[in-house]
Amino acid sequence: MTSQDRTGLEVDRLTHRYGSKTALDGVSFSVEQGTFCALLGPNGAGKSTLFALLTRLFVPREGTIRVAGVSLQENPRAALAMIGVVFQQPTLDLDLSVVQNMKYFAALHGLSGREADKRIGESLSRLGMAERANEKVRSLNGGHRRRMEIARSLVHRPRILLLDEPTVGLDAASRQSITEHVHGLARDDGLTVLWATHLVDEVGDSDQLVVLHQGKIRADATSGEIRNGQPLAQAFARLTNDCEAAA
Amino acid sequence: MNAYLTSLIGITRRESLRFLSQKGRFFSALVRPLLWLVIFAAGFRAALGLSIEPPYQTYITYEIYIVPGLCGMIQLFNGMQSSFSLVYDREMGSMRLLLTSPLPRWWLLFSKLLAGTVISIIQVYVFLAIAALFDIRFSLAGYVAAFPALLLSGLMLGAFGLLISSRIKQLENFAGVMNFVIFPMFFLSTALYPLWKMAEASPLLRDLCAYSPLTHAVELIRFALYTQFNPDAFVWLVALTALFMAGAVAGYDPERSAILRRAG
């Protein structure tokens, strides 16, 4: 495997402004392939802006994004084909069945017929959702809907998976189950995962942790190194408070 | 199968399934023109005398006159409904899902547009079938010839809806669109009255009518139902479709669009 193949996601000096307000200020970090990286930041830290840029909802004026070595700015279609996304807001058609939702998504990625059916089946099984394939999404609970969205994001076999606060609004059991599933995707399937959250209990010690606050990176190491024997919540509070004190 | 075709079929299937699951939408799409046809036109036929002008070769009743206009109305409402659902999709996030597809954005928007047009054509034919029960019938060739006309008028009105959806920031603004776009467009067209009748009331109104996009759509459909071709309307529709589509694509362009920034 060449070094480029090991590259998951590279974000370099990314800056984004809304008018005069700077939402992201020179953000740089990289995530190796097969790594679960948690992007931790309080509300308003710039996480959603970063996700909007990573999914090309809008285009960065400054800085670059590379997905598995491919520039999102120079070759957006090849880069987007390698990205799976789970948005913070649910993006499901409630009146369609699980499979109908999945087929629509597969078609958006140019997949149809037997190949699409096969991949949809695999993704649903991977997330333990195979037996719900023909249920209407409206009848699923919040946890299952989220799992379905994760399964859907895997149909086109992406190299990196972006999840924007995927556990918001879920109960503790669903939250834990989804967090474990996605850790498994990084560990067992070699998927690069960027998981945005503001909840410290979703981050494991061996996970890479990028702390974003007021549009800047405040820490980038493994979670164990960052917390350094303290509870992560305390370390996180210290990192974000220090910045506020300095500001 | 080619990725472009696959996505087009996928988007059309999704729009059709959504349409079928929303029974109320189908019902109101049919009841609205039928009310105009059965109640409004019946009351109005006595008040309005119609002269003979192309494509008609004989005196016609008012009910017959307004059928092409009501076909246009169905497509106008459907175009606006698709546009409404796009704004809704944007607020709900489904739009972001569509836009993360690796296919070019103009193609995704065009597929949306074509899917909406197909749905509007189905509605129009169901309406024409019900109109036939009220003895308002056209020749078989007329029904067939109407298809390409409906396709073009549906694309134009759908592209108009897309353009509006790319400029509207919030769902709440849609009531304004209904009042300030749909109704003026409908009334300022040849859907309900011929141009010469408008001219009797006011030359300015007549001119506004003559240049309204819906007028060209209605006239192309009207001529097609009598197996005639209206070249002026055709040229106008092609030009307007291209113009509206270009505006919509620019509106959804991530490098230029300001509208999607809210989502961040």
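1. Buried area is the accessible area (1.4 Å probe) that two parts lose on being put together, summed over both. In this predicted model, chain A and chain B bury about 3,100 Å² between them, and carbon and sulfur atoms give 60% of that. On the chain A side, Leu57(A), Tyr104(A) and Leu108(A) supply 23% of the area that chain A buries against chain B, more than any other three residues.

2. Some housekeeping. Residues are numbered from 1 along each chain as its sequence is written, and chains are lettered from A in the order in which they are written. Local features need pLDDT of at least 70, side-chain atom pairs count only at pLDDT 80 or more, and totals for chains, interfaces and linings use all residues, while side-chain values use heavy atoms, with hydrogens and water left out.

3. Now, who takes part? Contact (heavy atoms within 4.5 Å) brings in 32 residues from chain A and 33 residues from chain B.

4. Have a look at Asp93(A) and Arg18(B), whose side chains meet in a salt bridge at 3.0 Å, N to O.

5. Which helix of chain A gives the most to the side that touches chain B? With six residues, that is α3(A). Helices here are DSSP runs (H or I, at least four residues), numbered from the N terminus.

6. Ser153(A) is worth a click. Ser153(A) sits in helix α5 (residues 142-153) of chain A and counts as buried because its relative accessibility is 1%, where buried means under 20% relative accessible area (1.4 Å probe, protein chains only). The Ser153(A) side chain reaches the backbone oxygen of Ile150(A) at 2.7 Å. Not counting residues up to four places away in sequence, Ser153(A) touches Gly84(A), Val85(A), Val86(A), Phe105(A), Pro158(A) and Leu161(A).

7. Over on chain B, Leu35(B) lies in helix α2. Leu35(B) counts as partly exposed, since its relative accessibility is 45%; partly exposed is the range between buried, under 20%, and exposed, over 50%.

How values were computed: Helix = DSSP H or I, 4+ residues; strand = E, 2+ residues; numbered from the N terminus. Salt bridge = Lys/Arg side-chain N within 4 Å of Asp/Glu carboxyl O. Polar contact = N/O pair within 3.5 Å; in protein donor to acceptor, adjacent residues only side chain to side chain.
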